Amino acid sequence: MFKLPQETIEEFKSFIENHSFFFIIGHKEPDGDCITSCLGLAAILEHFGKPYQLLSAGPFKRNEVLRWQEKFSDTMEFQDESERKASGLFIADCSELSRLGDIDGDLKGLDTFVIDHHKTSGLEEGFKGHVDGDAPACAFLVQLFYEAVIGSVPGQLAKDLFFGICTDTGFFRFLTDNSSEVFAAVSRLVADGADPRTTYREINSGKPYSTRKLLGQLLGKAERYLDGRLVVTWESLEDTKKWGLEGRDSDALYQLMLSAKGVEAVVFLRQDTETTCTGGFRSQDKIDVSAVAAKFGGGGHKNASGMSCNGRVETLIPQIVKEFARIM
């Protein structure tokens with residue numbers, strides 16, 4: 001059951017009532033779920049007449065979230081000591097300060113409320129909030145909070161939250177347990193104004209042509225391991241320089257790879273700098289990629305996780321394959 005505990009609802013309302021200003025932020029390199037969750041929290045604060053600032057370290061790499069970039073800032077509004085004491089911090093789709101990225105300002109020490117759905121997440125000491133690793137998206141949890149404290153979701157917000165839920169569920173392809181509850185919730189959003197056909201087009205259309213070329217490069221580099229059950233591919237600094245930083249479409253890559261017969265998990269690594277890498281892990285039902293991501297300073301969901309660490313692709317690949325060999 002995804003019903004929010006009444007104690008959590010009361011804590012959420014008290015958090016809003018007890019602060020006169022709010023900062024709202026999600027993880028760096030925001031996706032649709034992160035952005036729309038922040039927008040949902042902003043709408044709740046607007047209902048209660050509370051001022052706020054939307055923050056994001058960016059970068060806004062995903063084509064589908066560019067339309068919201070101007071709503072967010074990477075510089076906190078200046079506050080004196082008394083104003084900081086009266087301010088609250090909402091963190092959405094993330095529970096660790098380290099994953100928020102570089103913000104011009106100090107987020108530490110603010111009274112903090114977290115809403116997150118990542119399996120490997122947990123509340124830091126002193127934080128309030130609600131973390132449900134079984135929830136399909138953070139936007140889904142924000143919808144439940146909105147309905148619990150206000151009621152029916154207004155039209156534009158219904159469209160935004162539906163968008164966020166769709167991006168994190170692969171348009172519902174990744175749903176497993178409690179699917180009926182999720183569909184019941186999104187049906188309320190559709191009744192309130194969300195349009196599935198429009199949302200699908202917003203998520204999947206308008207990709208830069210360069211992303212199609214880069215996708216070809218990554219498919220060409222893909223190698224199979226562990227009797228073909230694991231596929232690994234990677235993006236070099238040269239690939240990034242040639243095809244650009246913006247509009248990367250790794251979701252299409254994962255979908256193509258996982259549709260191949262016998263493939264149970266996919267790893268995509270990117271050499272961000274000479275000494276640092278980021279990676280994305282995806283899997284079919286049984287493989288818990290979050291366990292591997294956690295070994296490299298990352299985390300996420302059972303079937304979708306990420307990581308960021310020091311290292312070179314050529315040395316990380318054998319290490320990652322070794323960890324997958326333990327769970328496959």
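At 1% relative accessibility, Asp93 counts as buried, a term for residues under 20% relative accessible area, with exposed meaning over 50% and partly exposed in between (1.4 Å probe, protein chains only). Asp93 lies in the loop between strand 3 and strand 4, and although Asp93 is not a glycine, its phi is positive, about 65°. Helices (H or I, at least four residues) and strands (E, at least two) are DSSP runs, numbered from the N terminus.

The model is a predicted one, in which local features need pLDDT of at least 70 and side-chain atom pairs count only at pLDDT 80 or more, while totals for chains, interfaces and linings use all residues. Residues are numbered from 1 along each chain as its sequence is written, and side-chain values use heavy atoms, with hydrogens and water left out.

Phe172 also has a positive phi, about 75°, although it is not a glycine. Phe172 belongs to the loop between helix 5 and helix 6 and counts as buried at 16% relative accessibility.

## The nonpolar cores

A nonpolar core is a set of buried Ala, Val, Leu, Ile, Met, Phe, Trp, Tyr and Cys residues joined through side-chain atoms within 4.5 Å. The largest has 52 residues, and Phe12, Phe90, Ile115 and Phe140 have the most contacts inside it. Elements giving two or more residues to this core include helix 1 (6-17), helix 2 (32-47), strand 3 (87-92) and helix 4 (138-149). Helix 4 supplies the largest share, 9 residues.

Phe90 touches, among others, Phe12, Phe15, Phe22, Leu41 and Phe113, not counting residues up to four places away in sequence; contact here means heavy atoms within 4.5 Å. Apart from this core lies another, of 21 residues, among them Val267, Met307, Cys309 and Leu316. In soluble globular proteins, nonpolar side chains tend to be buried together.

## Packing against helix 6

The axes of helix 5 (residues 155-169) and helix 6 (residues 179-191) come within 8 Å and cross at roughly 145°. Axes are lines fitted to C-alpha atoms, for helices over the stretch in contact, and angles run from 0 to 180 degrees between N-to-C directions. From helix 5, Ala158, Leu161, Phe162 and Ile165 meet Val186, Leu189 and Val190 of helix 6. The residues of this contact divide into 7 nonpolar, no polar and no charged; Ala, Val, Leu, Ile, Met, Phe, Trp, Tyr, Cys and Pro count as nonpolar, Asp, Glu, Lys and Arg as charged, and the others, Gly among them, as polar.

Helix 4 packs with helix 6 at an angle of about 65°, the axes being 11 Å apart. Phe140, Gln143, Leu144 and Glu147 of helix 4 make the contact with Glu181, Val182, Ala185, Arg188 and Leu189 of helix 6. Here the residues divide into 5 nonpolar, 1 polar and 3 charged.

Thr315 lies in helix 12 (residues 313-327) and is partly exposed, with a relative accessible area of 42%. The side chain of Thr315 reaches the backbone oxygen of Arg312 at 2.9 Å. Between Thr315 and Arg188 there are 127 residues of sequence separation and 48 Å in space, C-alpha to C-alpha.

Arg270, in strand 8 (residues 265-271), is buried, with a relative accessible area of 8%. Elsewhere, the peptide bond from Gly58 to Pro59 is cis, with omega near -10°. Pro59 is located in the loop between strand 2 (52-55) and helix 3 (81-85).

How values were computed
A polar contact is a pair of N or O atoms within 3.5 Å; within protein, one must be able to donate a hydrogen and the other to accept it, and residues adjacent in sequence count only if both atoms are side-chain atoms.
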